[in-house]
Amino acid sequence: MYRPTRLENTDLLNILCLHAEHPVAVYTGEEIRIELANPAMLAAWGKSGSVVGLTLSEALPEISNQPFVGMLQEVWNTGVDNIGKAIAAELIVDGKLQLYYFDYSYIAVKDAQGTVYAIYHTAKDVTREVLDQKELQVAREREELLEREQTMNEELAAANEELHATNEELYITQESLNALNQELETRVAMRTEALSHSESRLRYLLSDAPVAIAVFQGRELIIESANNEVLEAWGKSEDIIGLPLHIAVPELIGQEFLQILDNVYASGEAYYGNEMKALLEQQGKIEEVYFNFVYKPLRDDSEKVNGIMITASIVTEQVLSRNKIQLLNEELLAINEELNKSQELLLASNLDLKASENRLTDILSNLHAPVVVLTGSEHIVSTVNQALLKFWNRTKEEVLNRPMLEVFPELKNQVFPSLWKEVLEKGSMLQKREQKVIFKNKVTGEDRVVYVDYFYQPMTDLSGSIIAVLATVLDVTEKVRSRKIVEEAEAKLRLAIESSELGTWFIDAESNVLTASERLKEIFGFYSDEEMPLEAALEQITPEFRETVTRELHEALTTGGNIDMEYSIKGYRDGDIRWVRSTGKLYHGDIFTKANFSGTVQDITRKKLEEQRKDDFLSIASHELKTPITTLKGSLQLLNRYRDNMQHPMVIKLIDHANTSVTKITGLIDDLLNTTRTKEGQLHLNYKSFNLYEMLETCCSHIRMREKYRLILQGSKDIFIEADEARIEQVVVNFVNNAVKYAPDQREIHISVEKTEGKVQVSVKDFGPGIPADKIPYIFDRYYRADYSGVQYSGLGLGLYISAEIIKKHRGEIGVNSELGAGSTFWFTLPVQKV
Amino acid sequence: MNKNICVLEDSEEILELIQMVLEQDYNVHGFPTVSEFMTGHPETGPDLFLLDVMLPDGNGIEVCNTLKNNEASKHIPVIIMTANANMERMKGLCSADDFISKPFDIDDLISRIDVQVHH
């Protein structure tokens, strides 16, 4: 029989170890000296067989920071096997430090006494499986996180949208946000807790987790790990890892977080922070950052706190949004409050208004001023008072609640409807004085013209819309009528002043400023459009009157007397002397007018000349009459002395004087009588047909008898006319007498007669000095004499006036042609037949 | 020797009457116009001037004033004869010694002349 050979222990070990597929190694001693390592182990370590005999630490220096030596020494010392799965090991293989995962077993090999004399180490490289599994896990978790994030984002977006939508929704949104936050926190907390159970997971999750995660070691809070989120939130880089928190993030000093962390460390109680504000450095600036966070104490195996893990999510945006919302809410609240207040006020106002409306109606109806409220575009009479009804001559029932134009259709074509419309549409306030209104008498249909002062104003409802026209209408018809009467009177007065050519003036009693009418300026010789101050006007008064007029004017101005003066002025520009009569009165001012001194100035030059001529005439008449009377009286007195001696040679002479005197007196009296008759229209003509030539031949015998003069008669000898022969002869004698009187040195006087178209003309021509052109217009005037200064030419100066009256009475014409130095021709024409 | 009286009067009849009345006691020199009077009356000698007012070439008031303003004649009495009813106005216009209105009473004229001449 075959009896196999029993293998040596060493052979057996070699077979088992060296040919084993999985890495196998045997260590001895507390220093873990490699007694054996199969090729698979050597391959896993990346070493050669030369490492046998070395301690594990010497063989694999890279594992000095890894737990393996410690684990093996524990097995050596305790004799307890250590079997585990997927332990990570960093080994230098092919010159590179690489991470591997191994399922392992450290088996203590004991002698009979139970003393460990070797450690049997088997390992299985599960790096591939572990990595695959981890990748799978990470992918799954990432997917989950993304999903959650997505959901959260969507919810946030929706929430934000809603937040901005309406105030109330914002509230709800905010609440749901809170809920979401809560949920998120819970999830994060849960997740953190779950993670804290798994160191390996934590390591993975730490770096890229979407929440900020950091782990502090010890009470001084040395930063053991901090993921990107945390670093980002702190605004720091990875360099801070390993530093105490207060040195790594110094800006936290003074903020409450360090204290809270310390409390957590001391108490071992987790702390949940909600939307806490931290001031952190962000891109070089300290900024407000809000967090929801959990500070969770980490414990060692003995349940003693040895660190703190923080998880935090930044909720700055939400908080800021919510703060904004809060602000908005507050504002909204404030607005609401104000609105409430306004509403209350409005309510009060409404009540007031209601009361006001009633009061308005009351007030309106009691007003003395006529008032009506026209409501709406129809202008409905909604309120009207008694005063206006009286003016309208209508009863309340006739007008109330009816459109104005229905009550007064005659207003349709007048200005009012468009005015009411303007007030209603534009809110204008319109007023006008003395607007003419034509009403129709409701019975007779006759027009009734009245004048009103109106004031239209808009009335608004509570919302401020214009709903009615409040019209105040004052009847001013009487006032207008009175004024029109005054105006008419004024117009008449003005016409009278104009036609009488009166100049008018006005002196302001205070300023002494003169306002002169155009006519007044003309009278004073100014152009009608130039200024004439008072001083300039006074300057034109001739020196003999100037002082008196100035004084009287001043006295009247100060004492209030009237003035009525006649004085002469010298025209400012023409230099002509004119006589004026100036009247004036001081009018004391009242509330409407200033005190003023006003009056008129009349050009009385012609009247003055007339008066002058009259005075002269009286003087001349007196002289002319008294001269023969003096002679007569003297002659009679002397004759009386000779009464006893009538043979005295003087007696005859005295009787002649007396006779001549009486003849002269008779002639003068005849002239005066004729003048009087003419003036009174009592000049009676005794028409008869006579031969004009023959009459001319025989007249003027008194001249013919004086040898000095020769009368030469020319013209047709057979002209018969129908006229008063004696009166016509009187005219011719007057002409001839004048020729003798005014041309005493000339011998010839020519008389001519000619007939033309039913008229005859008689002319008397002298060869005297002629008449100045400026005097010709006056020579047929009554009392006019060529010479006033003396009595060079005797007579009353009535001759030509009487002649003119006689010829005019015959419907003839009279005139004179004269040239200075060449004599004058006086002529008259007469109709052949009586007209 | 009779006193000299110069009379200025344009009415021939009145002048003649005055001469008839005064010639017994006075030498009467008559002048019908102002110009003849001013050139014809003696510079010295007249004891009285009797002047009419309204004359063909002037008036007696002016003549009176001329005489009264002349040193040689200012002492000689002047009587104005006037037909003007307004005697008071006349008196204001000249400084004649007396005035007599026309028609005058010849005895009144003589006595007034006597008063002035024998003053």
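Trainee: Leaving aside its neighbours within four places in sequence, what is Ile466(A) in contact with?

Mentor: In this predicted model, and with those sequence neighbours set aside, Ile466(A) is in contact with Leu424(A), Gly427(A), Pro458(A), Met459(A) and Thr460(A).

Trainee: Where does Ile466(A) lie, and how many residues separate Ile466(A) from Lys426(A) in sequence?

Mentor: Ile466(A) belongs to strand 15 of chain A, which covers residues 466–475, and although Lys426(A) is 40 residues away in sequence, the two C-alpha atoms are 8.7 Å apart in space.

Trainee: And why does Ile466(A) count as partly exposed?

Mentor: Because Ile466(A) has 16 C-beta neighbours inside 10 Å, a count that falls between the 12 or fewer of an exposed residue and the 20 or more of a buried one.

Trainee: Switching to the two chains, how many residues of chain A are in contact with chain B?

Mentor: On the chain A side there are 20, in contact with 19 residues of chain B; helix 20 (605–641) and helix 21 (649–679) of chain A each supply at least two residues of that side, and helix 20 of chain A gives the most, with 13 residues. By class, that side of chain A has 14 polar, four nonpolar and two charged residues.

Trainee: So how do helix 20 and helix 21 of chain A pack, roughly parallel or roughly antiparallel?

Mentor: Their axes are 8 Å apart and the packing angle is about 155 degrees, so helix 20 and helix 21 of chain A are roughly antiparallel to each other, and helix 20 of chain A passes helix 21 of chain A in a left-handed crossing.

Trainee: Which residues make that contact?

Mentor: Among them are Leu625(A), Ile629(A) and Leu632(A) of helix 20 of chain A, with Leu654(A), Ala658(A) and Ile665(A) of helix 21 of chain A; the residues of this contact divide into 13 nonpolar, four polar and two charged.

Key
Residues numbered from 1 in each chain as written. Chains lettered and ligands numbered in written order. Predicted model: local features only at pLDDT ≥ 70, side-chain atom pairs only at ≥ 80, totals over all residues. Helix = DSSP H or I, 4+ residues; strand = E, 2+ residues; numbered from the N terminus. Contact = placed C-beta atoms within 7 Å. Nonpolar A, V, L, I, M, F, W, Y, C, P; charged D, E, K, R; others polar. Axes fitted to C-alpha atoms, helices over the stretch in contact; angles between N-to-C directions. Parallel < 35°, antiparallel > 145°, perpendicular 65-115°, else oblique. Left-handed = near helix turned anticlockwise from the far one by under 90°.
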